[in-house]
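Keep the 3D view handy as you read.

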Amino acid sequence: MTNSEAILKIAGGHDAGLPMLAEILSDETIDEELFDAANSVKMQSFGSEVFVRAIIEFSNYCVKSCSYCGINAGCGIERYRIEPDELVRIGIETGKIYKTVILQSGEDPYYTAEMLAGIVRGIKLETEAAVTLSVGERSLDEYRIMREAGADRFLIKHETSDEGLYRQLHGQGLLSRLDCQRHIKELGFELGGGFMVGLPGQTNETLAGDLLLLKKMQVDMAGIGPYICHPDTALLGCVDGDAQKTLKVLALARLLLPNCHLPSTTALNVKGGMKDALFCGADVIMQKATPIKYRRLYDIYPGRDAEDIPLGEQYEKLKRTLLGFGLHAK
Ligand code: 5AD
C-alpha cells in the first residue's frame, strides 16, 4: 500500500498501526494529501465552526521540575498567584465573553481542591461558560471535589509516550500521569490530553505511539504543539520542534480521532501555524485571558501569541480573522 492509499484508508475509519503512522510522518511528499484529507474529516465533524476558548494562567508557582518548562520549580523567576476572589472576578468577566474558561497554573498546592472547587462554583454561578481546569496531577479524591463543583473539563497531557524519554524529562514515570487521565475520565470530565512534537530524542515512531496513546486514553480533546526551547531550562540549546511536522501530526490525529477537539495550540500559534492548523484538522483556538501584568511571567516557552488588548476587543478581532479565512467563531 502506498502512503496516499494509507491516508485514505485511515480517513475512511480503518485502524492504523504504529509502523503505518510512522511511515506517513517520514514521507515528505504527501503533506498536501494528508492535510486535505484531515480538513475533509474536520469539515464533516465540525463544519466551518471554530470553538474559541479563553485561558487564564492564574499561578506560575510549580512544584515539578519538567526539564522543558520555563516555570519549573528550579527556574529563578518572579512568581505570582491570583487570589481566589480575584480569580472568580476575572473568570466571570472572561466567561461573559467566551463560552469556555480554562483555568491553568503550574502544579501549585497553595490552591487546595476545595479552593479550586469554590472558584469553579463562583464562575458557574454568574456565567454560562464551561469551566476547564489545567492544574496538574492530583489525587482521585481531589479531582472528584473539582468535578462535583461543576468543572466540565480537565487538561492534562501525556507529553510523550516514550517511557524512557518521559522519565528523563520529568524525573518520574509516565504511569502516574496516565492514572490521572483515567481518573479524570472515570469522574465524567471531558479529558484533554496531548503531547509535544520535536522533543529531543523523539522519533517518528515515538510520535506514532503518541497518537495511538491519545486513542487508547479516549481523549475528548488533544493539544499537540511544537516543543519550543526555553534558554533558562536544562534543555537549553535544544532545537525547537518543527511547525510543519506538528501540522502533520495534528492532521493524523484528526484522521484517527474524527470527533475529538483539536486546538491550534498556543505554541503552534507562536510559530505562525494557526491558519494552517485550522485547515488541517484543528477546530479550536485558545486565546489568552490572563491579566496583562502577569502574561510575561507565565513564561513556559519563549515567544508571544497575544496582543495586550482588552478581552472583548481581542475576541472581536479573532472573529474577524476567522471570517477572513471563511470560518466562524462559535
Ligand atoms: N515548549 C512547548 N510546549 C511546552 N509546554 C511546556 N513547556 C513547553 C515548551 N518548552 C506545554 C506542555 C504543557 C503545556 C501547558 O505547555 O505540553 O502541558
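## The second largest pocket

On a 1 Å grid over the protein atoms alone, a pocket is an open set of points with protein on both sides within 12 Å along at least five of seven lines, a cavity is a set where a 1.4 Å probe fits but cannot get out, and lining residues have an atom within 4 Å of a point. Grid points are joined across faces, edges and corners, and a volume is the space filled by probe spheres set on the points. This is a predicted model, where local features need pLDDT of at least 70, side-chain atom pairs count only at pLDDT 80 or more, and totals for chains, interfaces and linings use all residues. Residues are numbered from 1 along each chain as its sequence is written, and side-chain values use heavy atoms, with hydrogens and water left out.

So what's in the second largest pocket? About 320 Å³ of space. It has 14 lining residues, and Met274, Gln287, Asp305, Ala306 and Leu318 sit closest to its centre. The lining splits into six nonpolar, four polar and four charged residues. Here Ala, Val, Leu, Ile, Met, Phe, Trp, Tyr, Cys and Pro count as nonpolar, Asp, Glu, Lys and Arg as charged, and the others, Gly among them, as polar.

The largest cavity holds about 60 Å³ of space. Its lining has 13 residues, with Arg53, Thr132, Arg153, Leu155 and Met221 nearest the centre.

Strand 2 (100-105), strand 4 (153-155) and strand 5 (190-197) each give at least two residues to the lining of the largest cavity. By class, that lining has six nonpolar, three polar and four charged residues.

## Helix 3 against helix 10

The axes of helix 3 (residues 31-46) and helix 10 (residues 243-256) come within 9 Å and cross at roughly 45°. Axes are lines fitted to C-alpha atoms, for helices over the stretch in contact, and angles run from 0 to 180 degrees between N-to-C directions. That angle makes helix 3 oblique to helix 10; under 35 degrees counts as roughly parallel, over 145 as roughly antiparallel, 65 to 115 as roughly perpendicular and the rest as oblique.

The crossing of helix 3 and helix 10 is left-handed, meaning the near helix is turned anticlockwise from the far one by less than a right angle (clockwise would be right-handed). Contact (heavy atoms within 4.5 Å) involves Leu34, Phe35 and Val41 of helix 3 and Leu247, Ala251 and Leu255 of helix 10, among others. The contact residues are 10 nonpolar, one polar and four charged.

## Helix 2 against helix 9

Helix 2 (residues 18-26) and helix 9 (residues 204-216) have axes that come within 8 Å and cross at roughly 125°. That makes helix 2 oblique to helix 9, and the crossing is right-handed. Residues in this contact include Leu21 and Leu25 of helix 2 and Leu207 and Leu211 of helix 9.

Methods:
Helix = DSSP H or I, 4+ residues; strand = E, 2+ residues; numbered from the N terminus.
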